[in-house]
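These are my notebook entries on one protein chain. I record what I looked up and what I found at each step.

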Amino acid sequence: MDTDSTGGAAAARLDALPDTPTAGRSPSVPAYVVGAVSAVLLAAGAVVPVVNGVARGFNSAPLLVVLAVAPMVVVAVLALKGRHQTAAGVLAAVAALAPGRLVLDLMLLTDPVRAARPELFRLHSLADPGKAPGLWLLLAGHLAAIAAGVMATRAAAPKADTPWTPRTSPAAEAAAARVAQAGGGASAASASGGAATQRAALESAAGGTDQATGGQNARPKDTSSDTGPEPASDSTASGGSGSAGAAASGASTTPTSSTTTWPEAADVSRAGLLLGMFAAVVSAVGVMMAPFTSSDAFLPAGSAFESPGLVLGGSLLLAFALPVATVLLAGSGSAVARGGLLGLGVTAAVLGLPNLFSGLSLPGVRLAAGPILVLVGAAGMVAAAFLPTATTPDATQDDEAGEITLPGIRRLRIVTGVLAVLTAAAAIAGALTPQVVITETLNGPQSPSRSALLVAGLLVGVLGLVMFTAGPAGYARPALSVAWVTIPLAGTAVLTMAVTATELGAGLTPGPGVLWTALAIVGAAATACCSVVAGMVERDETTDPATAFGDGPAVPGADLLTPLVAAGILAIGAFGTPSILAPDYVEPALWSSFGTPSWGLLVALLTVLGACVLAPRCRPARAAALLAGAACVAGLRAAELPLVGDEIAGAHAGLGWWLALGCALALVIAAVLAARGSIHTPKTRSGSIR
């Protein structure tokens, strides 16, 4: 196997990355050392047997060694080229996928007979093989990879007690140039009016000059104490203008080889982020599918939902980590973004290539679509890392002093919308395709909750489409931060049918609806994470005094507290007790008959309670949207009776249905009160540190 198939191919193109040679703080040396130790441990685990007395399915040791060291080869090349933050992104990406790989390898420890890992061993009997040292090396390698990623991320992040100076914005440079051109004939009055602009240009240039001359390890200068003299006459105005012009010129030509600012100018473009996000979802789908097909009774091969619990858990961790890590790393606005996409792509290739070779080289084993999708997604993420850098915003969008704002809110909303639409599509597919099949042409019994899943998918899809608009997206985002939970609420009920059919056997097997439903649940969780991050950025960009986390403290008013408390109490009963009663039907709930749907009920309850707690601390419009989303969740719980009742003989409303109806009504009342703005009661300020 040629190294160019993974790490070598990426390393050969690293010169194309638009990253400054030594920009940003370097990950600590221990992070590189621990990363190298992880690669050595994984390579040793690939060579040393993981079980005793059982041979490999094919000569996979050279391939596995190359795959084990491929991510660290990329890190080493980046570090040697001085692109330390990009290397930190690679280490962070490897660490993001390491927990899922660790759980998958734990299957070798608990039940190796049911583990389908022919690249490590292939059984020819049902005798339980003993554990060998290679297994412990693999587990230790994954733990070291997690540690290396954490260390690299912490070392590359800005220190809380260290001020950092941003690069001079195009607006500040343009303003300084204009001041320099008009400086010769400026009057005292015009000099006084342009003092703020001159100070901004002088501060930006002074910060860049100090960093350029202070060496790579010098701390950035705190420009708050270096504002420069204010012009008071024609002579001082002329002098100040000349200084500003010189400073601006110097700032534009300052070498970047010793820059220690954060963040860096290696933003991933919107096209790169969307491509990386789509590729991550494709890889996540492939992870959940069967690695290959097998006619060997001693080599089980099935999708994640047909596999033991540890395989399902590890696959879900990987499928969840791929899109979430893509958003968090690629949306970081620095060179870490490109390193994250590159690391995720290389690690995804490490996951897919062994199964690809197993399907191509082993007798009785055929290639399946799963590893192909994983590798296609991996190629997409690597390609996204090499797309051109995002263009700098137009100078007219910044204020003339080059004031810093938090970037990425529009990008986060678009990514959240993309995830929501993909999640909705998966949920609709899960509702319309069979969950249980008997043969390829004969479907088994279907879940009565598929109608609720269809409604949940349509709700999330509509909110996701609104996220692509400029204005309404700000109001749809809080609703989506709560409404996403409708998909796990209905999806877990749909999956119950497949779980029961698998336990019964009798020729019943999970259908394609199970895969789509599971992907919808994973996508809903990823959508929630992106929506919450977007909300954090929104709050950082606002100075609304009515926001408790903004410029002034506030306490909720009594008119809003009453329906919120009522909604919280009713929600506990609505999601904790059955909403449908029937003679031959027992609905799972939180307080009785706990089953697979109970997990969806628990997540929905916690989400609704969280919305009730956060609403009084939000701006009026955002609070109304948040409570409207919570009302949709409670409303879906109440709608289960008309949606599902027709397929259950003798179904009638239970206590949970009445409580869900009351909870939805209380949340609607609270949303109306919040929209009127009567949320906050001013609190006497006793001082502020801001």
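**Entry 1: helix H22.** I began with the buried residues of H22, which are Gly656, Trp657, Ala660, Cys663, Ala664, Ala666, Leu667, Ala670, Ala671, Leu673 and Ala674. Buried means under 20% relative accessible area, exposed over 50%, and partly exposed in between, with a 1.4 Å probe and protein chains only. Helices (H or I, at least four residues) and strands (E, at least two) are DSSP runs, numbered from the N terminus. I noted that this is a predicted model, in which local features need pLDDT of at least 70 and side-chain atom pairs count only at pLDDT 80 or more, while totals for chains, interfaces and linings use all residues. Residues are numbered from 1 along each chain as its sequence is written, and side-chain values use heavy atoms, with hydrogens and water left out.

I then checked the length of H22 (residues 655-675): its 21 residues, at 1.5 Å a residue, should span 30 Å, and the end C-alpha atoms are 31 Å apart, which agrees. The expected span is 1.5 Å times one less than the number of residues.

**Entry 2: cysteines.** How many disulfides does a search of the whole structure find? I found zero; a disulfide is a pair of cysteine sulfur atoms within 2.5 Å. For Cys663 the closest cysteine sulfur is that of Cys612, at 6.6 Å, so the two are too far apart for a bond. Cys663 has a relative accessible area of 0% and is therefore buried. Cys618 is also buried, at 12%.

**Entry 3: helix H13.** I repeated the length check on H13 (residues 369-385). Its 17 residues should span 24 Å at 1.5 Å a residue, and its end C-alpha atoms lie 25 Å apart, which agrees. Among the buried residues of H13 I listed Gly370, Pro371, Val374 and Ala384.

**Entry 4: nonpolar cores.** A nonpolar core is a set of buried Ala, Val, Leu, Ile, Met, Phe, Trp, Tyr and Cys residues joined through side-chain atoms within 4.5 Å. Which members of the largest core touch the most other members? I recorded Ile487, Phe575, Leu627, Val633 and Leu667, out of 115 residues. Apart from this core lies another, of 24 residues, including Met72, Val90, Ala384 and Phe386.

I also looked up the contacts of Ile487, where contact means heavy atoms within 4.5 Å. Leaving out residues up to four places away in sequence, Ile487 touches Thr423, Leu453, Val460 and Ile521, among others.

Entry 5: Ser38 lies in helix H2 (residues 29-47). Is Ser38 buried or exposed? Ser38 counts as buried because its relative accessibility is 4%. Its side chain reaches the backbone nitrogen of Ala145 at 3.5 Å. Beyond residues up to four places away in sequence, Ser38 touches Gly141, Ala144 and Ala145.

Thr326 is in helix H11 (residues 309-330). With 1% relative accessibility, Thr326 counts as buried. A polar atom of its side chain lies 2.6 Å from the backbone oxygen of Leu322.

**Entry 6: Thr562.** I found Thr562 in helix H19 (residues 558-576). At 57% relative accessible area, Thr562 is exposed. The C-alpha atoms of Thr562 and Ala666 are separated by 9.0 Å, although these residues are 104 apart along the chain.

**Entry 7: the whole chain.** The chain has 22 helices and eight strands. Of its 690 residues, 52% are buried. Among contacts between residues at least 6 apart in sequence, 83% join residues at least 24 apart.

Conventions:
A polar contact is a pair of N or O atoms within 3.5 Å; within protein, one must be able to donate a hydrogen and the other to accept it, and residues adjacent in sequence count only if both atoms are side-chain atoms.
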